[in-house]
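I would ask you to keep the sequence and the structure in view while I speak.

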Amino acid sequence: GTTATTSPGTTGTTSTGTTSTGTSGSTGTTSTGTSGSPSAGTTGTTSTGTADGGGFGPTDAAHCLVSVTPASAGDVAFFTVRARDSVGRTVTSNSDLFVAKLSPANSTVTFDLWPGPIVAGLYQFSYKTLVSQTFVFRVYLIVVGGARVQVPGEYTLAFGPGRISAAQTFAVNPPTSAPAGTPMSFLIQACDQYGNVISVGGGNFDLIVGYPLGLRSTYADLATQSVTDLGNGQYRISWSTIPAGVYWIDVWNVGSRIRGSPFAVNMTYLAPPALPSATFVSPGTTVEVTFSTPT
């Protein structure tokens, strides 16, 4: 009786309680603790540290670099600021705040310009104007507290005139009449599409002289005409004609007439020289007459 009661009780308690419950608890604790701690700690230290030489310090205005790209009137001009720290390393955090203060040359008017796209520490500014002019600007780094620290240097942003526009190019005081056979000329001033005066040569202009009806075939070979590039944005239009009449001076640029063309010029006949006054003398008197031959 005593042996039968003791044997089943001992076996049941030992097998269920110790083996299954203890092993499960141990596995759960080990798995969670090992995965979480090393993973978070290692990632944070590597990304911000400088032990491997690949990091950077705070942005230092004195070491930032400015690059300027000029443009023509009507186009967008760009300049960029490269953020760098005190030892010249590029700061790629894109968290700095820069501002540029622009002023037209020879003017006291100023205005702020803020950057657009920012890529890996490169801050890009853009500006557009329709007027050919030059701007002077400075760049500032805005630090904690709102103070502005200037990036060293004063820079220029130049907008030159654009390409020649026939519609804006004009004649300078074209003549309306002259004696036939007289060499004639006038100047034209090249301008871009916004009316900005162009001060360099290289334009392509053509001159067509329109003769009075029926005279071209007879006299065209005796006339002269030319376009001379003066190298300063102005061109001399020259021609001479033989017979009198109204001529049309037609100036073209790349298939288009310039503003006001064609120009009507009335080439007139030369007035005959005045006859000398008559003096009556007695027959047989010697008379001396002095006159000049018209040129």
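R89 is found in the loop that links β3 (76-82) to β4 (98-104). Please bear in mind that this is a predicted model. Is R89 buried, exposed or partly exposed? With a relative accessibility of 34%, R89 counts as partly exposed. Setting aside neighbours within four places in sequence, R89 is in contact with G55, F56, G57, A83 and R84. As for G57, 32 residues separate it from R89 in sequence, and the C-alpha atoms of the two are 7.9 Å apart in space.

With which side chain does R89 form a salt bridge? The partner is D85, at 2.8 Å from N to O. D85 is buried, at 1% relative accessible area, whereas R89 is partly exposed.

In general, side chains of opposite charge can pair when their charged atoms come close. The structure holds five salt bridges, and I shall go through others of them. R138 pairs with E154, and here the closest N and O atoms lie 2.4 Å apart.

R257 counts as partly exposed at 40% relative accessibility, while D250 counts as buried at 8%.

Let me turn to the strands. The chain has two helices and 19 strands. In any sheet, strands pair through backbone hydrogen bonds, either parallel or antiparallel.

I begin with β8, which spans residues 133-142. β8 runs antiparallel to β4, and seven bridges join the two. Within this pairing, S103 stands opposite V136 in β8. Over five bridges, β8 also pairs in the antiparallel sense with β10, residues 155-160. There, Q133 has F159 of β10 as its bridge partner. How many bridges connect β8 with β9? The count is three, again in the antiparallel sense, with β9 covering residues 148-150. L141 has V149 as its bridge partner in β9. β8 and β9 form a hairpin with five residues between them, and G145 in the turn has a positive phi of about 95°.

A separate item is the open sheet of four strands, whose order is β1-β3-β7-β6 with antiparallel pairing. Its edge strands are β1 (65-69) and β6 (118-119), each of which pairs on one side only. Two bridges join β6 to the antiparallel strand β7, residues 122-128. In that pairing, I118 has Y123 of β7 as its bridge partner.

Next, some backbone details. Which residues have a positive phi although they are not glycines? N106 is one of them, with a phi of about 60°, and N173 is another, with about 50°. N106 lies in the loop between β4 and β5 (111-113) and is exposed, at 87% relative accessible area. N173 lies in the loop between β11 (170-172) and β12 (177-179) and is likewise exposed, at 69%.

The peptide bond from S261 to P262 is cis, with omega near 5°. P262 is located in the loop between β18 (256-257) and β19 (263-268).

On the cysteines, how many disulfides are there? The count comes to zero, the criterion being a pair of cysteine sulfur atoms within 2.5 Å. C64 is buried, with a relative accessible area of 6%, and C191 is buried as well, at 2%.

I close with the chain as a whole. Of its 295 residues, 27% count as buried. The accessible surface comes to about 18,200 Å², and 57% of that area belongs to carbon and sulfur atoms. Among contacts with a separation of 6 or more, 64% are between residues 24 or more positions apart.

Thank you; I am glad to take questions.

Terms used:
Residues are numbered from 1 along each chain as its sequence is written. This is a predicted model: local features need pLDDT of at least 70, side-chain atom pairs count only at pLDDT 80 or more; totals for chains, interfaces and linings use all residues. Side-chain values use heavy atoms; hydrogens and water are left out. Buried means under 20% relative accessible area, exposed over 50%, partly exposed in between (1.4 Å probe, protein chains only). Contact means heavy atoms within 4.5 Å. Accessible areas come from the Shrake-Rupley method with a 1.4 Å probe; for residues, only the protein chains shown count as cover. Two strands pair if DSSP finds at least two bridges between them. A salt bridge is a side-chain nitrogen of Lys or Arg within 4 Å of a carboxyl oxygen of Asp or Glu.
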